[in-house]
Amino acid sequence: MASVEASKLSKAEHDELCCSYAALMLHDDGVEINAEKLLKVIKASKNEVEAYWPALFAKALKGADINELMTNLASAGPAPAGGAVANDAGPAVEEKKEEKKEEVEEVDMGGLFGDDDDY
């Protein structure tokens, strides 16, 4: 979302972003993250969100280690461009995908359609 202009965000994206920033601000100040405090920060920033967002964020972050969450996100980083990185061990070996063969199974319908003809 950082590459998208704020005015072009959907309502849900805007609300999620507001709650994310509010939660980060509360965490940075060492304040407990709860729905009331999230809403207070959001209103102070002159934003409005759907009523369920602050409660949803507060519940999701309850007992969570925000520092750990941010560290995991930062260490994950973006995926390398172009797929996997080749090593110097030799040429890459392509794996052959096994084709799944569907087996036709005969089912006795027990005269469901009014006939007992064998085919």
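**View 1. The second largest pocket of the predicted model**. In this predicted model, the second largest pocket has a volume of about 250 Å³. Its lining is made up of 12 residues, of which S20, L24, F57, L61 and L73 are the closest to the centre of the pocket. Two or more lining residues come from each of the helices α1 (11-28), α3 (52-61) and α4, and α1 provides the largest share, with 5 residues. Sorted by class, the residues that line this pocket are 10 nonpolar, 1 polar and 1 charged.

**View 2. The largest nonpolar core**. This core holds 15 residues, and the members that touch the most others are I33, L38, I42, F57 and L61. The elements that contribute two or more residues to the core are α1, α2 and α3, with α1 giving the most, at 5 residues. In soluble globular proteins, nonpolar side chains tend to be buried together.

**View 3. The surroundings of L38**. When its neighbours within four places in sequence are left aside, L38 is in contact with C19, A22, A23, L26, I33, P54, F57 and A58. Of these contacts, I33 and F57 are also listed with L38 among the core residues that touch the most other members.

**View 4. Confidence along the protein**. The mean pLDDT of the protein is 78, and 60% of its residues reach 70 or more. Confidence is highest in helix α2 (residues 35-44), at a mean of 97, and lowest in helix α4 (residues 66-76), at 80. Over residues 86-97 pLDDT stays under 50, and for this stretch the model has 0 contacts beyond four places in sequence.

How values were computed
Residues are numbered from 1 along each chain as its sequence is written. Side-chain values use heavy atoms; hydrogens and water are left out. pLDDT is the predictor's confidence in each residue, from 0 to 100. Helices (H or I, at least four residues) and strands (E, at least two) are DSSP runs, numbered from the N terminus. Contact means heavy atoms within 4.5 Å. On a 1 Å grid over the protein atoms alone, a cavity is a set of points where a 1.4 Å probe fits but cannot get out, and a pocket is an open set with protein on both sides within 12 Å along at least five of seven lines; lining residues have an atom within 4 Å of a point. Grid points are joined across faces, edges and corners, and a volume is the space filled by probe spheres set on the points. Ala, Val, Leu, Ile, Met, Phe, Trp, Tyr, Cys and Pro count as nonpolar, Asp, Glu, Lys and Arg as charged, and the others, Gly among them, as polar. A nonpolar core is a set of buried Ala, Val, Leu, Ile, Met, Phe, Trp, Tyr and Cys residues joined through side-chain atoms within 4.5 Å. Buried means under 20% relative accessible area, exposed over 50%, partly exposed in between (1.4 Å probe, protein chains only).
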